Amino acid sequence: MLRNVLLILSTACIDSHYIWQTISDDLSSTSLTFSEHAGSPGAHFFLSSLKDKLSIAQATADGSTIVPFLEKRDGATNGEFLATLPSSVNPPYALETACPYGIFTEAGPTALLQYYTSSPQITTPNDWFEIQDLLKNTFEVTLRDPYMSMTTKDVSSSVGLKEGLFEDECPSGENSVDGMACVVAVVRFNGELHSSAVNVTTFDESGETISTTECESVCIMKVPMSGAVFAAAQYKEMTPGTFDGTDYEYVDHWATTYTVVKRD
Ligand SMILES: *[C@@H]1O[C@H](CO)[C@@H](O)[C@H](O)[C@H]1NC(C)=O
């Protein structure tokens, strides 16, 4: 039985499970799910296997706090983790979760699996300069809306970026196209812009895929003009190493993010 569960878990991980973090509209709580579907609770026993490995961190310029969480069952099989956020901490702040899962072997070469998710809270595009330095996950995707305050002119300097833009779904300088908002997806590794191509996929609030763009580090993506949006990216870092006495061939990084677009 245990072996079957482990096999299912292993296969499921490879089948693109991600950790998804959302935050309530009133910012009073945050939720974590582990699932193939953006923002939906997944099997309780997969989630439980992460419990002792993950930590939720909230950070402002004044310091970083680990946020305690509780497990909530959703029906017979599904579950999510819920955490209350302190009302004393106001945006902007970094909110992110890391889960250094460990060794994974069932589906071929031995890999070190790492999951990450974030839901940073920004009040103006300029906040990104400060907040991106407070995000500590090794691999990270964020969605940044340069036009959340409609005064923006220079996209890259308004979302904490000093470098240029690469693959885009919108023409440069357009704040919306075809009734969709143009936002910036930023992929970082070890706190720097990522330097090789990854696919970034966006999902709407019901978890439906919006689009996938091959993105080196920064790209503009089209998302609904208002409402929640998720993004996910996976990166295989082909660097071997040893974890808990086991050799692995590469590190498999899985990252997601969540934001709420408000253009209206
Ligand atoms: C992105 O996805 C496309 C289509 O599945 C694939 O051909 C391409 O190799 C992927 N790029 C990366 C960097 O994985």
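Two residues are in contact if their C-beta atoms, placed from the backbone, lie within 7 Å. By that rule P100 touches K53 and Q114, leaving aside residues up to four places away in sequence. The model described here is predicted.

**P100 in β8**
- Strand β8 covers residues 94–104, and P100 lies in this strand.
- P100 counts as partly exposed because it has 15 C-beta neighbours inside 10 Å; a buried residue would need 20 or more, and an exposed one 12 or fewer.
- L54 is 46 residues from P100 along the chain, yet their C-alpha atoms are separated by 7.0 Å.

**Strand β14 and its partners**
- β14 spans residues 198–204 and is mostly covered, with 5 of its 7 residues buried.
- Strand β15 (residues 209–215) runs antiparallel to β14, and 6 bridges join the two.
- Within this pairing, N199 stands opposite E214 of β15.
- The hairpin of β14 and β15 has 4 residues between the strands.
- G207 in that hairpin takes a positive phi near 90 degrees.
- β14 also pairs with strand β17 (residues 226–237), in the antiparallel sense, over 5 bridges.
- There, F203 has F230 of β17 as its bridge partner.

**From β17 to β20**
- β17 pairs with strand β20 (residues 250–262) in the antiparallel sense, over 12 bridges.
- E237 stands opposite V251 in β20.

- A185 touches V141, L143, V200, C215, C219, M221 and A231, not counting residues up to four places away in sequence.

**Around the ligand**
- The residues around the ligand are A197, V198, N199 and E214.
- By class, this shell has 2 nonpolar, 1 polar and 1 charged residues.

Note on methods
Residues numbered from 1 in each chain as written. Predicted model: local features only at pLDDT ≥ 70, side-chain atom pairs only at ≥ 80, totals over all residues. Near = placed C-beta within 6 Å. Nonpolar A, V, L, I, M, F, W, Y, C, P; charged D, E, K, R; others polar. Pairing = 2+ DSSP bridges.
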